[in-house]
Amino acid sequence: MADQSESAGSTVEHEKSLMEKISEKIHDHNSSSSSSSDSDNEKPESPKSEKPKVFRIFGREKPVHHVFGGGKPADVFLWRNKKVSAGVLGGATAVWVLFELLEYHLLTLVGHILIGTLAVLFLWSNAHSFIHKTPPRIPEVHLPEEPFLQVASELRLQINWAFAVLHDIASGRELKKFLILLFCCTRCLSFMRSMKTR
């Protein structure tokens, strides 16, 4: 019996404290709304001007698509077009497997792609009559002579300038350039030795 009267007493106290909290909240809300209504008489707020607050993780103000720059790269990264995103992921994985796991080199890969392309074009050109397809149209490439002459002339000037500087250094006229050249050469040699030991 005593336990029942104690539990009933605690329930009544709990209800009183709950009622007190609710009345405080109502009183605080009424007092704040009455004080704000006095100052808001001049400018009534319109509910249409308030934008609904969108919850974004980590307190961002922009959507993730805009953070990634928008456009097609953001679409690929966010998997909006699943086929393109899967193709990019598959291609990146294939490149990683080739270069990291199989230790394939870029120059070797380019060479094998060129050889394969040349072999396919050669076979297609010779077998077009058997498979009743049109022969491949391979454009003829003609490189103009003038750009190559300009590059060669500029390269010749740079090489002559480098030889003149080396001549001045070797003849003992330029001590500062000699010391800089010596320092650079020793740094390059030490770098090359460190690369061999790895």
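## A tour of the helices and the loops between them

Begin by selecting Lys-133, which is found in the loop between α5 (106-131) and α6; helices here are DSSP runs of H or I with at least four residues, strands are runs of E with at least two, and both are numbered from the N terminus. What you have open is a predicted model, in which local features need pLDDT of at least 70 and side-chain atom pairs count only at pLDDT 80 or more, while totals for chains, interfaces and linings use all residues. Residues are numbered from 1 along each chain as its sequence is written, and side-chain values use heavy atoms, with hydrogens and water left out.

Lys-133 counts as exposed because its relative accessibility is 52%, where exposed means over 50% relative accessible area, buried under 20% and partly exposed in between, with a 1.4 Å probe and protein chains only. Show its neighbours next: leaving aside residues up to four places away in sequence, Lys-133 touches Trp-124 and His-128, a contact being heavy atoms within 4.5 Å.

Now zoom out to the whole protein chain, which comes to seven helices and zero strands. Of its 198 residues, 4% count as buried, and among contacts between residues at least 6 apart in sequence, 0% join residues at least 24 apart. The protein chain exposes about 18600 Å², of which carbon and sulfur atoms supply 66%; accessible areas come from the Shrake-Rupley method with a 1.4 Å probe, and for residues only the protein chains shown count as cover.

Move to the loop between α3 (71-77) and α4, where Trp-79 is found. Trp-79 has a positive phi of about 60 degrees although it is not a glycine, and at a relative accessible area of 39% it is partly exposed. Most residues other than glycine have a negative phi.

Select Arg-80 together with Asp-75, whose side chains meet in a salt bridge at 3.8 Å, N to O; the term means a side-chain nitrogen of Lys or Arg within 4 Å of a carboxyl oxygen of Asp or Glu. A search of the whole structure finds one salt bridge. Arg-80 counts as exposed at 54% relative accessibility, whereas Asp-75 counts as partly exposed at 25%.

Continue into helix α4 (residues 82-101), whose 20 residues reach 27 Å from first C-alpha to last, close to the 28 Å expected at 1.5 Å a residue; the expected span is 1.5 Å times one less than the number of residues. After α4 comes Glu-103, with a positive phi near 55 degrees, and this residue counts as exposed at 60% relative accessibility.

For a view based on the record, colour residues 84-99 and 105-124, where an unreviewed UniProt entry places the feature "transmembrane region"; UniProt positions are given in the numbering used here, feature names are shortened, and annotations may be inferred rather than shown by experiment. Residues 84-99 are 100% helix and 0% strand, with end C-alpha atoms 23 Å apart, and residues 105-124 are 95% helix and 0% strand, with end C-alpha atoms 29 Å apart.

Finish at Leu-155, Ile-159, Phe-163, Leu-166 and Leu-181, which make a nonpolar surface patch of about 470 Å². Patches are made of residues with over 30% relative accessible area and no salt bridge, like charges being joined within 9 Å and nonpolar side chains (Val, Leu, Ile, Met, Phe, Trp, Tyr) within 5 Å. The largest share of the nonpolar patch, four residues, comes from helix α6 (residues 145-170). Just after α6, Gly-172 takes a positive phi of about 90 degrees.
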